[in-house]
Every structure is written in C-alpha cells, then in structure tokens.
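The sequence and the structure are shown here for reference.

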Amino acid sequence: QVQLVESGGGLVQAGGSLRLSCAASGSISSINGMAWYRQAPGKQRELVAGITRGGITNYGDSIKGRFTISSDNAKNTVYLQMNSLEPEDTGVYYCRADIKSFQGVPYDRWGQGTQVTVSS
C-alpha cells in the first residue's frame, strides 16, 4: 500500500510564502512523476505544477512564475515553494504520484490534501 503525506499548509498574508512537502511511502517500485493540484471552494481541481523523475517541470497557467516545484527522488518527496501568494491561491492542495508497482503496473495515488489560506 502506498501513502502520500502532505505538510506545510497554513494561513499566510498576501505576498507571503509557504513551502509544501509531500512524501510517498509504502510498496513503491518507482515513481515516474509527482504533481501538485489545488481545489478552491466551488471550483474544479486544477494542476498547479508537475515534475517527472528526470526533473522536467510544468506549471499551471495561473502560477505566473511564483511557484517552484522540486523533488528528492531518493526520499520519494516533492516540494512546492510558493512565493508572492495571493488570496486567489487559497484552496486545498493535493499531491499526486504516478507510480509503477513491482509487477510493472502503473497507477496513481493522491494525498489527503493540505489547506492553504491566503488573507488579503
């Protein structure tokens, strides 16, 4: 069983920074990539940023260069550094991992989410 545990969310004023972490543990053969998504109240879940095992990154259009995703493959951990936070960044942030089992079967897992609240 694979688990993703997120941490680092909280309440911050506009213009501030937060760093989210997501660690994967359990029966993992390899992780092909990890990503952060967010869901604001009344809105659909959207991609914030993703990173492949090889370090290739992609970002959602709303990020505008304010966030940076990074990973530590040895620790099966992904990070999201969020700077210049805006009230519109408020929401629940979810981590997702694209995993390959020891049987070679690809699947994904989601974390439980961490709340980020940006006050104006």
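This is a predicted model: local features need pLDDT of at least 70, side-chain atom pairs count only at pLDDT 80 or more; totals for chains, interfaces and linings use all residues.

The volume of the largest cavity is about 80 Å³.

The lining of the largest cavity consists of Ile31, Gly33, Met34, Ile51, Thr52, Arg53, Ser71, Asp72, Asn73, Asn76 and Thr77. Of these residues, 3 are nonpolar, 6 polar and 2 charged. At least two lining residues come from each of strand E4 (30-39), strand E5 (46-52) and strand E7 (67-72), and E4 provides the largest share, with 3 residues.

Beyond its neighbours within four places in sequence, Ala35 makes contact with Leu47, Ala49, Gly50, Ile69, Tyr94, Cys95 and Arg96. Gln103, by comparison, lies 68 residues from Ala35 in sequence, and the C-alpha to C-alpha separation of the two is 23 Å.

## Strand E8 and its partners

Strand E8, which covers residues 77-82, has 5 of its 6 residues buried, so the rest of the structure largely encloses it. Strand E3 (residues 18-26) runs antiparallel to E8 and is joined to it by 6 bridges, while E7 likewise pairs with E8 in the antiparallel sense, over 6 bridges.

Tyr79 in E8 can be followed to both of these strands: Ser21 stands opposite Tyr79, and Ser70 has Tyr79 as its bridge partner in E8. In a regular strand, side chains alternate between the two faces of the sheet.

## The disulfide

The structure holds 1 disulfide, formed by Cys22 and Cys95 with an S to S distance of 2.1 Å. This pair links distant parts of the chain, with Cys22 in strand E3 and Cys95 in strand E9 (residues 91-100), 73 residues apart. A bond of this kind is a covalent one between the sulfur atoms of two cysteines.

The torsion about the S-S bond of Cys22 and Cys95 is about -80°, and the disulfide is therefore left-handed. Cys22 is buried, with a relative accessible area of 0%, and Cys95 is buried as well, with a relative accessible area of 0%.

Which residue takes a positive phi in the hairpin of E7 and E8? With 4 residues between the two strands, this hairpin has Asn76 at a positive phi near 50°, although Asn76 is not a glycine. Asn76 is found in the loop between E7 and E8 and is partly exposed, with a relative accessible area of 21%; Asn76 is also one of the residues that line the largest cavity.

Ser84, in the loop between E8 and E9, has a positive phi of about 50° although it is not a glycine. The relative accessibility of Ser84 is 42%, so Ser84 counts as partly exposed.

Technical notes. Residues are numbered from 1 along each chain as its sequence is written. Side-chain values use heavy atoms; hydrogens and water are left out. On a 1 Å grid over the protein atoms alone, a cavity is a set of points where a 1.4 Å probe fits but cannot get out, and a pocket is an open set with protein on both sides within 12 Å along at least five of seven lines; lining residues have an atom within 4 Å of a point. Grid points are joined across faces, edges and corners, and a volume is the space filled by probe spheres set on the points. Ala, Val, Leu, Ile, Met, Phe, Trp, Tyr, Cys and Pro count as nonpolar, Asp, Glu, Lys and Arg as charged, and the others, Gly among them, as polar. Contact means heavy atoms within 4.5 Å. Buried means under 20% relative accessible area, exposed over 50%, partly exposed in between (1.4 Å probe, protein chains only). Two strands pair if DSSP finds at least two bridges between them. A disulfide is a pair of cysteine sulfur atoms within 2.5 Å.
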